[in-house]
Amino acid sequence: MKIQESAENYLETILVLKKKNGVVRSIDIANDLGVSKPSVSVAMKNLRNGEYIEMDKEGYITLLDKGREIAEKIYERHTFLTDWLTSIGVDPAVAAETAEADACRIEHVISAETFTAMKKTLKTK
């Protein structure tokens with residue numbers, strides 16, 4: 001099932017925040033993404049209903065298997081594409097504003113076939 005880009009971004013953010021902080025709450029997501037708490041609340045409800053995440057009574061968010069699978073796929077694409085864009089000449093000093101932002105857009109639209117081919121080609125060089 002294909003989910004929307006915004007849902008992929010939320011799942012990826014949950015994964016990254018969990019790695020960084022050990023726990024994730026809605027406020028952490030709002031702060032990281034620069035979105036409102038009500039927006040996060042709606043997104044978390046949709047992700048819970050889709051069985052991508054669960055939230056305990058204290059408000060801590062955990063990725064369920066299918067949410068983790070999507071988050072890891074998007075995160076792999078994001079890190080690979082950021083590194084690749086930097087390697088082809090995007091200035092590392094502005095990578096957060098350019099390579100990271102471009103990678104974030106590309107990661108959602110690139111096909112699995114093209115991404116796999118890119119990884120193969122770039123690993124053989």
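The largest nonpolar core has 21 residues, and Leu11, Ile14, Ile29, Met44, Leu47 and Ile53 have the most contacts inside it. Two or more residues of this core come from each of H1, H2, H3, S2 and H4, and H1 gives the most, with 6 residues. The model is predicted: local features need pLDDT of at least 70, side-chain atom pairs count only at pLDDT 80 or more, and totals for chains, interfaces and linings use all residues. Residues are numbered from 1 along each chain as its sequence is written, and side-chain values use heavy atoms, with hydrogens and water left out.

**Nonpolar cores**

- A nonpolar core is a set of buried Ala, Val, Leu, Ile, Met, Phe, Trp, Tyr and Cys residues joined through side-chain atoms within 4.5 Å; buried means under 20% relative accessible area (1.4 Å probe, protein chains only).
- Ile14 touches Val24, Ile29, Met44, Ile53, Ile61 and Leu63, not counting residues up to four places away in sequence; contact means heavy atoms within 4.5 Å.
- A second, separate core of 9 residues includes Phe80, Val90, Phe115 and Met118.

**Helix H1**

- Helices (H or I, at least four residues) and strands (E, at least two) are DSSP runs, numbered from the N terminus.
- The 17 residues of H1 (residues 5-21) should span 24 Å at 1.5 Å a residue, which agrees with the 24 Å between its end C-alpha atoms; the expected span is 1.5 Å times one less than the number of residues.
- The buried residues of H1 include Glu8, Leu11, Glu12, Ile14 and Leu17.
- These buried residues of H1 pack against helix H2 (26-33), helix H3 (37-49), strand S1 (53-55), strand S2 (61-63), H4 and helix H5 (99-106).
- Gly22, with a positive phi near 90°, follows H1.

**Largest pocket and His78**

- The volume of the largest pocket is about 220 Å³.
- Its lining has 13 residues, of which Glu12, Val16, Asp32, His78 and Glu100 lie nearest the centre of the pocket.
- H1, H2, H4 and H5 each give two or more residues to this lining, and the largest share, 6 residues, comes from H1.
- A pocket is an open set of points on a 1 Å grid over the protein atoms alone where a 1.4 Å probe fits, with protein on both sides within 12 Å along at least five of seven lines; lining residues have an atom within 4 Å of a point. Points are joined across faces, edges and corners, and the volume is the space filled by probe spheres set on them.
- His78 lies in helix H4 (residues 65-87) and counts as buried because its relative accessibility is 11%.
- The side chain of His78 makes a polar contact (2.7 Å) with that of Glu107; such a contact is a pair of N or O atoms within 3.5 Å, where within protein one must be able to donate a hydrogen and the other to accept it, and residues adjacent in sequence count only if both atoms are side-chain atoms.

Note on methods
Buried means under 20% relative accessible area, exposed over 50%, partly exposed in between (1.4 Å probe, protein chains only).
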